[in-house]
Amino acid sequence: MPGHPRLFRRGATFYHRAAIPADIKATYPKTEETFSLKTKDYREAVRRVRIQAARIDRLFEAHRQELKREAEPALAELTPAQIEYIGEVYYAHILDEDEEIRLSGFEGSSFEERAELTDTLDGVNREYLARGIQDEFFSDEAAEILTWTNVNLKLAPDSPSWPRLIRELQSARIKATDAIRAWNKGDVVKTPVVKSDTQISSVDTPLLSETITRWVEEKRRTCLTSAPVGQI
């Protein structure tokens, strides 16, 4: 069985060990990525090191993207299409997260507890949306989602787009909660997949990237295709 360049053994236990790439070495928070694979079996170690190597490579790339984002000029505003796209990403993330909880068998909590928490938070979210209240939670969510690799935007702190973005996330959360309730009733709900290569560039086109344009056109074609005859 072929080995792996990041696999090494210390005593009887196998480890993952990777040097930090030269282009991010000065800013990466560690001097190397070394940790135990928690196995003494060679075949299992090879399987695990491949999984962990892919995970670490994603961390390296995320760090590169963060450095790139920090170096870019901040956007003055987001376009409506960008805000809508970010809402779709957030909606998919919430449902994906909920699906993982279900796949784990609601480990750490019961089905009933999760359902009750969902209802409680939904009541608060709907009231805040109705009253135009933008709380700290959604402000933090908005700041975080802009750093995600399939968004990767830098928005000026005083941008007038922040309230619109936060409201979009509140709406996406409420929409996702409706889907979660349907899941709780046993209805089939499909978690949407937002392609990770569908990114909004804040460098090439400050307000509307070609990627977003394609995404909007795809959404439009989908709506036209699914619309009843006579309504197109």
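Leaving aside residues up to four places away in sequence, Asn 125 touches Phe 138, Arg 173 and Ile 174; contact here means heavy atoms within 4.5 Å. This is a predicted model, so local features need pLDDT of at least 70 and side-chain atom pairs count only at pLDDT 80 or more, while totals for chains, interfaces and linings use all residues. Residues are numbered from 1 along each chain as its sequence is written, and side-chain values use heavy atoms, with hydrogens and water left out.

Back to Asn 125: you'll find this residue in helix H3, residues 111–131. Helices (H or I, at least four residues) and strands (E, at least two) are DSSP runs, numbered from the N terminus. Is Asn 125 buried or exposed? Asn 125 counts as buried because its relative accessibility is 11%. The cut-offs are under 20% relative accessible area for buried and over 50% for exposed, with partly exposed in between (1.4 Å probe, protein chains only).

Next, the greasy parts. A nonpolar core is a set of buried Ala, Val, Leu, Ile, Met, Phe, Trp, Tyr and Cys residues joined through side-chain atoms within 4.5 Å. The largest one has 29 residues, and those touching the most other members are Leu 78, Ile 86, Tyr 90, Leu 95, Ile 145, Leu 146 and Val 151. At least two residues of this core come from each of helix H2 (80–103), helix H4 (136–145) and helix H5 (161–184). H5 gives the most, with 10 residues. There's also a second, separate core of 12 residues, including Ile 20, Ile 24, Ala 45 and Phe 60. As for Leu 95, its contacts include Ala 176, Ala 179, Ile 180 and Trp 183, again not counting residues up to four places away in sequence.

At the start of H1, a side-chain oxygen of Asp 41 comes to within 3.3 Å of the backbone nitrogen of Arg 43. Which strands do the buried residues of H1 pack against? They pack against strand E1 (7–10), strand E2 (13–19) and strand E3 (32–36). Among those buried residues are Val 46, Val 49, Ile 56, His 63 and Arg 69.

Finally, the charged pairs. A salt bridge is a side-chain nitrogen of Lys or Arg within 4 Å of a carboxyl oxygen of Asp or Glu, and by this rule the count comes to 15. Here are a few of them:

| Salt bridge | N to O distance |
|---|---|
| Glu 33 and Lys 30 | 3.3 Å |
| Glu 44 and Arg 47 | 2.6 Å |
| Arg 64 and Glu 61 | 3.4 Å |

Glu 33 is buried, at 4% relative accessible area, whereas Lys 30 is partly exposed at 44%. Glu 44 and Arg 47 sit 3 residues apart in helix H1, so about one helical turn separates them. Arg 64 and Glu 61 are likewise 3 residues apart in H1, about one helical turn. Arg 64 is partly exposed, with a relative accessible area of 26%, and Glu 61 counts as partly exposed at 35%. Elsewhere, a network of salt bridges links Asp 119, Asp 122, Arg 126, Asp 178 and Arg 181.

Technical notes: A polar contact is a pair of N or O atoms within 3.5 Å; within protein, one must be able to donate a hydrogen and the other to accept it, and residues adjacent in sequence count only if both atoms are side-chain atoms.
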